[in-house]
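Visitor: I have a model open and want to learn to read it. Where do we start?
Guide: With the structure itself, then feature by feature.

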Amino acid sequence: MSLELKQVTKIIGADTHIYPTSLTLQRGGINILLGTTLAGKTTLMQLMAGLERPTAGEIWFDGKNVTGTPVQQRNVSMVYQQFINYPNFTVFDNIASPLRVAGLDGTEINKRVKQVAELLKISTMLERRPSELSGGQQQRTAMARALVKDSDLILLDEPLANLDFKLREELREELPRLFAERNCIVVYATTEPAEALQFAGHTAALHEGRVTQFGPTGDIYRRPIDLTSARVLSEPPINIAKVIKRGTQFVLTDNVKWRAPKGLSKLADGDYTIGIRPHHVSPAKSSSKNLPIEGTVQVAELSGSESIIHFNAYGNAWVSLSHGVHPFMAGEQATLYADIDRCLYFDADKRLIVN
Amino acid sequence: MDKTANHKAWFFVLPVLMLVAFNAIIPLMTVVNYSVQETFGDNNFFWAGVLWFEEVLRSERFHASLGRQLFFTFSILAIEVPLGVAIALAMPRKGIWVSVCLVLMAMPLLIPWNVVGAIWNIFALPNIGLLGQMLNGLGIDYNFTRQPGDAWFTLITMDVWHWTSLVVLLAYAGLASIPEAYYQAAKIDGASSWAIFRYIQLPKMKRVLTIAVLLRFMDSFNIYTEPFVLTGGGPGNSTTLLSIDLVKVALGQFDLGPAAAMSLIYFLVILLLSWVFYTLMMRGEEQ
């Protein structure tokens with residue numbers, strides 16, 4: 001089972017929402033569309049579902065061209081960021097609605113609704129109406145409706161974005177299990193890299209209507225092909241700095257330089273860009289190979305047991321994300337330590353140099 | 001539920017209470033005062049008890065006006081609410097036509113009530129009015145000043161013309177607040193347009209429609225100016241609605257006691273029916 005996008009393009013008016021995109025999604029695991037708001041995640045999902053028709057290009061499902069097939073004939077289901085349920089149906093009737101449209105008989109409907117409600121832990125709420133449920137329960141109902149009809153394709157468009165932290169964590173843990181045994185393709189859109197990493201599966205990094213990279217999530221995270229993909233995969237944003245290679249050394253400023261890693265020693269001298277993820281910059285020194293970065297603290301936030309320190313150094317804004325509580329005052333001079341072995345190097349075209 | 005006792009808070013409510021007292025409670029109390037007394041001019045008042053209430057409630061004239069009033073109100077509700085919803089559904093959702101439609105819809109609401117009456121009076125005159133001439137030209141014997149049926153037809157048409165827009169605007173606002181995702185979800189389910197209307201749009205419009213029905217009910221039950229200018233209650237008493245009858249009793253005959261009793265009964269009928277409407281429409285929405 002596969003969903004294949006061939007040079008799919010979407011242009012509305014004068015705006016290109018999706019640039020020619022080719023992508024093959026397989027059954028098994030979750031396919032993640034990762035990108036910021038307006039990156040084109042929702043448009044891409046609507047194209048996959050058949051809610052929108054591509055301006056150019058083709059969509060193939062299981063070896064069949066379904067580009068012109070309307071959504072009703074495609075057997076897809078979708079879960080939205082808002083909790084979409086029929087307002088005056090009970091939870092049971094909401095979940096049963098796709099089956100009733102499909103014309104299944106009562107006992108079968110009853111059996112399947114009970115089953116999926118059990119899976120989503122809403123069995124005790126079947127007689128209630130959506131307005132009597134919490135946000136998390138409403139979204140569980142919407143998911144149950146998507147799962148009940150054995151779709152070939154399930155699309156989830158930031159389903160956890162409107163939930164509060166605890167409910168989000170709870171559902172996020174359950175999600176991979178919900179889809180594990182299903183014979184369908186699951187596509188999940190999110191703005192959060194952490195969510196993508198937690199689900200594993202495959203990730204398509206999206207930026208301004210383009211899929212910049214697609215592959216197993218871990219691979220994309222470790223080896224983003226370019227700076228754009230690296231940015232999409234990092235939250236807080238990845239630290240970027242311009243460096244110059246001189247002989248065997250990379251130079252950030254006259255007094256901050258380090259030895260080029262082995263694989264890169266033969267690289268031509270000149271301008272390069274480095275990317276260091278925030279959690280590889282820490283107020284505590286972890287090894288003698290750490291690169292000290294001296295700067296002025298802008299803001300230091302504490303989030304649970306993590307510290308996020310924003311600081312300016314050498315004309316760049318930097319972010320550090322570290323475990324433990326590291327109190328800093330705004331305006332304070334501080335030295336932070338970058339784990340330079342984890343640094344990503346990009347060439348003049350902002351493409352990753354593999355070492 | 002913990003409530004903190006804060007007696008100072010009453011001082012903040014006081015100005016509003018005084019305002020309400022001056023413009024509602026005190027006038028209402030003078031009406032109550034009149035309704036239980038007999039007067040012979042020269043400000044001589046005598047206690048009459050519930051005499052006027054009994055008289056009004058037994059009066060066939062009052063029954064007839066109340067009947068006409070109920071007929072009028074339920075007719076215009078039965079036309080304006082479905083028509084308003086239908087027009088709101090047919091209106092465009094985006095583009096420049098939205099503002100054009102909204103302005104056109106708001107027009108009748110901006111016209112003063114007596115002008116609406118005057119416009120329709122002239123418009124419908126059988127010999128010189130555009131509508132009257134046209135209907136008679138088509139061979140229909142139409143004369144709203146002579147035939148009660150024609151008077152009712154004109155009265156109801158005028159109200160529909162004047163007030164359907166209000167329902168349209170409220171229903172349109174209700175429709176505009178439904179996220180696009182609902183329609184997409186329904187489309188994915190393969191729901192028909194009737195199902196979308198019945199199970200998404202209508203429930204989502206319920207609150208604004210309740211307001212629309214209540215407003216139209218109360219306003220139409222209180223209607224005075226337009227029928228007064230259009231038909232003056234005639235021909236005969238055929239379009240004498242409650243408010244017109246009340247004015248005849250109070251100012252025409254200067255029967256202050258019965259008129260006051262009638263006003264209070266009128267007020268209680270509106271209150272009761274509004275409550276019934278509200279309770280029926282809000283059934284099943286406990287929170």
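Visitor: How many bridges join β3(A) to strand β9 (residues 202-207) of chain A, and do the two run parallel or antiparallel?
Guide: There are 4 bridges, and the strands run parallel. For a residue-level landmark, look at A:Asn31: its bridge partner in β9(A) is A:His202. Keep in mind that this is a predicted model.

Visitor: With which sense does β3(A) pair with β8(A)?
Guide: Parallel, over 5 bridges. Find A:Ile32 and look across to β8(A): A:Tyr188 stands opposite.

Visitor: Which way do the side chains of β3(A) point?
Guide: General idea: in a regular strand, side chains alternate between the two faces of the sheet. Here, A:Ile30, A:Ile32 and A:Leu34 point one way from β3(A), while A:Asn31 and A:Leu33 point the other way. All of these residues are buried.

Visitor: Why is strand β3 (residues 30-34) of chain A described as largely enclosed?
Guide: Because 5 of the 5 residues of that strand are buried, the rest of the structure largely encloses it. For chain A as a whole, 50% of the 355 residues count as buried.

Visitor: What does chain A hold in helices and strands?
Guide: It has 8 helices and 20 strands. Its C-alpha trace spans about 75 × 45 × 35 Å along the principal axes.

Visitor: In what order do the strands of the open sheet in chain A run?
Guide: The order is β2-β1-β4-β5, 4 strands with antiparallel pairing. At the edges are β2 (15-26) and β5 (64-65) of chain A, and each of them pairs on one side only. Strand β1 (residues 2-12) of chain A is joined to β2(A) by 8 bridges, again antiparallel. One landmark there is A:Val8, whose bridge partner in β2(A) is A:Thr21.

Visitor: Where is A:Phe250?
Guide: In strand β12 (residues 249-253) of chain A. A:Phe250 is buried, with a relative accessible area of 0%. Compare sequence with space: A:Phe250 and A:Ser265 are 15 residues apart in sequence and 9.7 Å apart, C-alpha to C-alpha.

Visitor: What lies over the face of A:Trp60?
Guide: A:Lys6, at 4.0 Å from the ring centre. Another charge over a ring is found at A:Tyr19: the charged end of A:Arg210 sits 3.8 Å from the centre of that ring.

Visitor: Now aromatic pairs. How many does the structure hold over all chains?
Guide: It holds 19. One of them is B:Trp120 with B:Phe123, an edge-to-face pair with 5.2 Å centre to centre and 90 degrees between the planes. In general, the distance of the centres and the angle of the planes describe such a pair.

Visitor: Why are B:Trp120 and B:Phe123 about one helical turn apart?
Guide: An α-helix has 3.6 residues a turn, so residues three or four places apart point the same way. In this case, the two residues are 3 apart in helix α5 (residues 113-124) of chain B, so about one helical turn separates them. B:Trp120 is buried at 7% relative accessible area. B:Phe123 counts as partly exposed, at 28%.

Visitor: Why is the pair of B:Phe221 and B:Tyr266 called tilted?
Guide: Their ring planes stand at 55 degrees, so the pair is tilted; the centres are 6.1 Å apart. This pair links distant parts of the chain, 45 residues apart. B:Phe221 is in helix α9 (residues 193-221) of chain B, and B:Tyr266 is in helix α12 (residues 256-281) of chain B. Both residues are buried. They also belong to a cluster linked by ring pairs, together with B:Phe74, B:Phe217 and B:Phe277.

Visitor: Where does α1(B) bend?
Guide: At B:Ala21, by about 50 degrees. Helix α1 (residues 9-35) of chain B has 27 residues and reaches 36 Å from first C-alpha to last, close to the expected 39 Å. Then try α7(B), which bends by about 40 degrees at B:Trp163.

Visitor: Where in chain A is confidence lowest, and where highest?
Guide: General idea: where pLDDT is low, predicted coordinates should not be read in detail. In chain A, the lowest mean is 85, in helix α5 (residues 165-180), and the highest is 93, in strand β8 (residues 185-190). The mean pLDDT of chain A is 89, with 100% of its residues at 70 or more.

Terms used:
Residues are numbered from 1 along each chain as its sequence is written. Chains are lettered from A and ligands numbered from 1 in the order in which they are written. This is a predicted model: local features need pLDDT of at least 70, side-chain atom pairs count only at pLDDT 80 or more; totals for chains, interfaces and linings use all residues. Side-chain values use heavy atoms; hydrogens and water are left out. Rings of Phe, Tyr and Trp (its six-membered ring) pair if their centres lie within 6.5 Å; planes under 30 degrees apart count as stacked, over 60 as edge-to-face and the rest as tilted. Buried means under 20% relative accessible area, exposed over 50%, partly exposed in between (1.4 Å probe, protein chains only). A charge sits over a ring if NZ of Lys or CZ of Arg is within 6 Å of the ring centre and within 35 degrees of the ring normal. Two strands pair if DSSP finds at least two bridges between them. pLDDT is the predictor's confidence in each residue, from 0 to 100. The expected span of a helix is 1.5 Å times one less than its number of residues. The bend at a residue is the angle between axes fitted to the seven residues ending there and the seven starting there.
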